[in-house]
Number of protein chains: 2
Amino acid sequence: MSDGSRTTPAGAGAEDDPLRLDLHLCFDLQNASRAFGDVYRRVLRDTGLTYPQYLVMITLWEHEELPVKRISQLLRLDSGTLSPLLKRMELAGLLTRTRSAADERSVIVRPTAAGSALREKAKGVPAQIHAAAGLSPQEASALQRALRKLAASLDTSLDASGPRP
Amino acid sequence: MSDGSRTTPAGAGAEDDPLRLDLHLCFDLQNASRAFGDVYRRVLRDTGLTYPQYLVMITLWEHEELPVKRISQLLRLDSGTLSPLLKRMELAGLLTRTRSAADERSVIVRPTAAGSALREKAKGVPAQIHAAAGLSPQEASALQRALRKLAASLDTSLDASGPRP
DNA sequence: GGCAAGAAGATTGCCCACAATTCAGTAGTA
DNA sequence: TACTACTGAATTGTGGGCAATCTTCTTGCC
């Protein structure tokens, strides 16, 4: 260090330092997300599902059959994530993947009997999660609104400042 | 399917179905988190840091030197995540890792000159993120409070129902 | 028909997260 | 002093997430 910049702890940790960790909303967000992950891990244990796999099953229980593309849109996951994930779930006997006859590019995903049956086991999951979260329905949906607004704003900012040709 | 259970889309997607995707707070949370990730990726591009690496640098800029254990506590990352991450950052010339003389089990992490210098480049990051989030300071800290309360509640529920010996 | 453009999945490569194990070092104690 | 218990890091193995690339198939247009 030959210049005059101060790199002492006192200087770096000053009260108005915008780089302070505890000012980072994103950190709190990830923390809450991680805490959810811990709870889901425990609650989903006897279904054998991971949290992302649980999300896939929810979409399949809702729609009975879906092309990979649609799952990708619903869960905001790209094929690089979804392909191996679905492959593991197929191997576990939860779903089948078959090329669409109408459009050979498309792969249709359907739950197996075992996959559908799992719905009974998963029925209680949302209630358990809700209890662990300890939020009133009003608080929960207020938080959801805030998060959706936030995500929308962040996405928009990317569209605005970003998409280079 | 030999029993009488209905697995039709209509049955599964009913309006009061607790398994509906859009009722899952956690999904919105992860979405917001992912949106943050996208923005951070772009904003951090010319620092060469990933978001987790940025968090590590923040803690180092604040404290100048830290044992791995302390970083682990501050960022809630375990050694399985932190060890390779710090190794990559050391390889990138951002920090050094040296065994503590006082306690040979402990490894002390310090920023290099290059690592400290990066602080200048990162100075503008929080403001850019804040702008992209589009929240007033009041909204932001309200959201932080809500998220911390949520995370605390989730963590507590784990302590209560979980910790098998 | 034939060709260019685009769409859907899969693959590869890198990084992060977590569980479980291992190893070296420290501390407490008979 | 030896024996044990514990602690801090590192490693191994699995699963997610994303960027970039590739293959195959469809579509549109000449």
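Trainee: What makes the pairing of the Ser33(B) and Gln30(A) side chains a polar contact?

Mentor: In this predicted model, the two side chains are joined at 3.3 Å. The cut-off for a pair of N or O atoms is 3.5 Å, so the value of 3.3 Å qualifies as a polar contact.

Trainee: Which residues does Ser33(B) touch, not counting residues up to four places away in sequence?

Mentor: Ser33(B) touches Leu29(A) and Gln30(A). The place of Ser33(B) itself is in helix 2 of chain B, residues 25-43.

Trainee: Why is Ser33(B) called buried?

Mentor: The relative accessible area of Ser33(B) is 11%. Buried means under 20%, and therefore Ser33(B) is classed as buried.

Trainee: How many residues surround DNA strand D, and which are the closest?

Mentor: DNA strand D is surrounded by 25 residues, the closest being Thr50(A), Arg88(A), Lys69(B), Ser79(B) and Lys87(B). Of the atoms of DNA strand D that come within 4 Å of the protein, 73% belong to sugar and phosphate.

Trainee: How do the residues of the surface near DNA strand D divide into nonpolar, polar and charged?

Mentor: The division is 6 nonpolar, 8 polar and 11 charged.

Conventions. Residues are numbered from 1 along each chain as its sequence is written. Chains are lettered from A and ligands numbered from 1 in the order in which they are written. This is a predicted model: local features need pLDDT of at least 70, side-chain atom pairs count only at pLDDT 80 or more; totals for chains, interfaces and linings use all residues. Side-chain values use heavy atoms; hydrogens and water are left out. Helices (H or I, at least four residues) and strands (E, at least two) are DSSP runs, numbered from the N terminus. Buried means under 20% relative accessible area, exposed over 50%, partly exposed in between (1.4 Å probe, protein chains only). A polar contact is a pair of N or O atoms within 3.5 Å; within protein, one must be able to donate a hydrogen and the other to accept it, and residues adjacent in sequence count only if both atoms are side-chain atoms. Contact means heavy atoms within 4.5 Å. A residue is near a molecule or strand if one of its heavy atoms lies within 4 Å of it. Ala, Val, Leu, Ile, Met, Phe, Trp, Tyr, Cys and Pro count as nonpolar, Asp, Glu, Lys and Arg as charged, and the others, Gly among them, as polar.
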